[in-house]
Amino acid sequence: MHARQWLNRLTPFLLLAPGILWLLVFYAYPSVQMFISSFWAGTLETGFTVSLDNWTTYPQALERYGPQFGRSVVYGAAATTVCFLIAYPLAYTIAFRGGRYKSLLLFLVIAPFFTSFLLRTQSWKIILGDDGILFGPLKDLGLLGPDFRVLATPVAVVAGIAYNFLPFMTLPIYVSLEKIDGRLVEAAKDLFAGPWRPGGSIAGGVVGGLTAGGLAAAFEYDIVAFAILGAVGGVLIGAFFLSESFIQIVFPLSLPGVFAGSLLTFIPAMGDFVNAELLGNTQTRMIGNVIQSRFLDNNDYPTAAALSFMLMAGILVAVAVYARLLGTKELTSSG
Amino acid sequence: MTDHDTLPTSELTRRRFLQGTALTGVAAFVAACGTSGTGTSSPAESAAATTSEEPTASEGGAEQSPSAELNFANWPLYIDTDDEDETKHKTLEDFTAKYGTVVNYSEVINDNDEFFGTIRPALDGGQDTGWDLIVLTDWMAGRLIRLGWTEGFDLANMPNKVANMQDVYKGVDFDPTDDHHAPWQSGMTGLGYDSAATGDLTSLEALWTDDPRWKGKVTLLTEMRDTIGLTMLRGGKDPSQITEADFDDAVADIQEALDAGIVRSFTGNEYAEDLVAGNVVLAMAWSGDVIAKQAEKETLVWQLPDEGGMLWTDNMLIPRGAANKYSAELFIDFVYDPEIAAQIAAWVNYVTPVKGAKEALAASDPELAESPLIFPPADVLANVSIFKTLTEEEEGVFNDRFSALTGN
């Protein structure tokens, strides 16, 4: 009897053991190691020594690489926004209009993942090429100036990130939409929920204007022009596509998916360096590029470690704040 | 240093490219630089490196036999490859036939720093890297030798290497005794451009000229020594004697071209693809890459600039603790056989360091043997420079400032 009680008590820990071991070996230990190496001083050839006096690496790194940190946040947020704008209608359509093609459509969403991340990014260079399949014809028609280009600009970087992380946004939103009981919507309609033209126009206009203006600011384009354009688009979409049942039932119920999707997109987007490297130029480097370059090109392990640690801590804080605002319960219950 | 990973095109073999290539103005081509660059060799460091090898070098008396395997890491497209089957390399098969050693050939090196990152932990910890033979560019080879992370060669096992290495490669500052490295191939850095878009160019000045034909479609290299070296040559300075002031001047010059919007970005090997796609029409470029890409775009040109170009060499090294050191020595010696060197040279577009390879090749392919790309004429050297072998401090400072220039 005693033995059995012990076993019962131990079972949860035994079940957790593999996961905890994994985290200890592959997360906790490297993190500690990284933290320690951020207090190193020295070079590869002379060896490194640890001293707490080297805390100055942190403020120095932050000062020198502030712009790249800022860019990571801006590009990450912009890409997450773009992902949301594309993924929500996509997930909505698959969940409610997919019918028997649902599985196929979902498969198509993740199909690009069967190809290497690098190759997918590289192929955007072909699509966005200065005289490539997209801009070549437009230039021939005289719609774009001969010097117009998207490659080697922030737009290409954000577009690349948004493309690469789109499924991370789409799938959680799809899951939360798919779970919604259709009878709720029917009930709403029975209770005279109908189109929502005035409210939809205003909400759409405000959101559209702010989003487009914000993206334009991130890309350093004309903010006013884009805000107006976005507002007009938002008004149209709001007037024709937003219904009372959507605003009151479907959208609130899908928020956990939006929350999870945003995190899953924003976190890797912020740390990404491949898109900035392949699609950007010297003015679009993100913090991931700096860490990579510090570590591999300059053998400056302390700075690389300090930057990685600050990035990790920064993301943790941002996630905590975000979770506080929107609620972690919903994240964990979104399945 | 460079990427050699341009893809082979099915129709044309590399040999054809070479023959068809109008190597505009290879006015100067060099092999001659092995010894030229560097007032600053540090005898103390080299001596330290040499002594650290002594335990290995002195055990030579025992009877040795070739091992069953040899693990060889090299850059992509850097050895003769069968036109039909990319996994077949005649040189390696010939080696197996002669010694019975199977060569595990891996094209895993795309970047000196990156590859260094993969072997550093093992070497730092005194362990075997898993490689018996690796190929790295001068400065990186110098770093490994300086750190004592390479095995010294037992030259008694290498009669061909001793006899056939071109004189210009002898006595380099990072290995004055020539027993820690063996040159594999050399190549040059100059101007690559699409003549259809830019017209004919011969001067590095083009990279600083605000011309609508190429403004915003110009790339420089992420390889610090190439980009800074060419920038110095444009200013009439000698990259083999670079000082900190020269370096800062070069950085300022490059910043000027960036600010003017002429230079689009810094790239590794990607510039070759961009030249073909038309995103870039003028670039600092590696000779072999552009020649290879001419199969896809005939108007591409590689040009040794009037002001001069950069020369670099990739070297075979045996990493410390290599399991099959003796076989690695046999292999190095094997590729210094003129017949074998000719076989490799006939496929790869770069400069071969082996004496007699030209004559060996002339027997089978006289036209190719005349290629100034593989066998630069001795009288037209002079116009290329080798970057100074930097001290550790210089390298740290330069890399750091160059990173800042490239946005990192």
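Where in chain B does Pro377(B) lie? The views below take that up, along with a few other spots in this predicted model.

**View 1. Pro377(B) and its loop.** Pro377(B) sits in the loop between α16 (366–369) and β10 (384–385) of chain B. Pro377(B) has 13 C-beta neighbours inside 10 Å, so it counts as partly exposed; to be called exposed, a residue would need 12 or fewer. Pick out Val102(B) as well: 275 residues separate Pro377(B) and Val102(B) along the chain, and their C-alpha atoms are 36 Å apart.

**View 2. Helix α4 against helix α14 in chain B.** Here α4 (residues 90–99) packs with α14 (residues 338–345) at an angle of about 155 degrees, and the two axes are 10 Å apart. Angles over 145 degrees count as roughly antiparallel, so that's the label for α4(B) relative to α14(B). On the α4(B) side you'll find Lys90(B), Thr91(B) and Asp94(B), which meet Ile340(B), Gln343(B) and Ile344(B) from α14(B).

**View 3. Where chain A touches chain B.** Chain A brings 21 residues to the contact and chain B brings 20. On the chain A side, helix α13 (residues 287–297) gives the most, with five residues. That side of chain A splits into five nonpolar, nine polar and seven charged residues.

Methods:
Residues numbered from 1 in each chain as written. Chains lettered and ligands numbered in written order. Predicted model: local features only at pLDDT ≥ 70, side-chain atom pairs only at ≥ 80, totals over all residues. Axes fitted to C-alpha atoms, helices over the stretch in contact; angles between N-to-C directions. Helix = DSSP H or I, 4+ residues; strand = E, 2+ residues; numbered from the N terminus. Parallel < 35°, antiparallel > 145°, perpendicular 65-115°, else oblique. Contact = placed C-beta atoms within 7 Å. Buried ≥ 20, exposed ≤ 12 C-beta atoms within 10 Å, placed from the backbone. Nonpolar A, V, L, I, M, F, W, Y, C, P; charged D, E, K, R; others polar.
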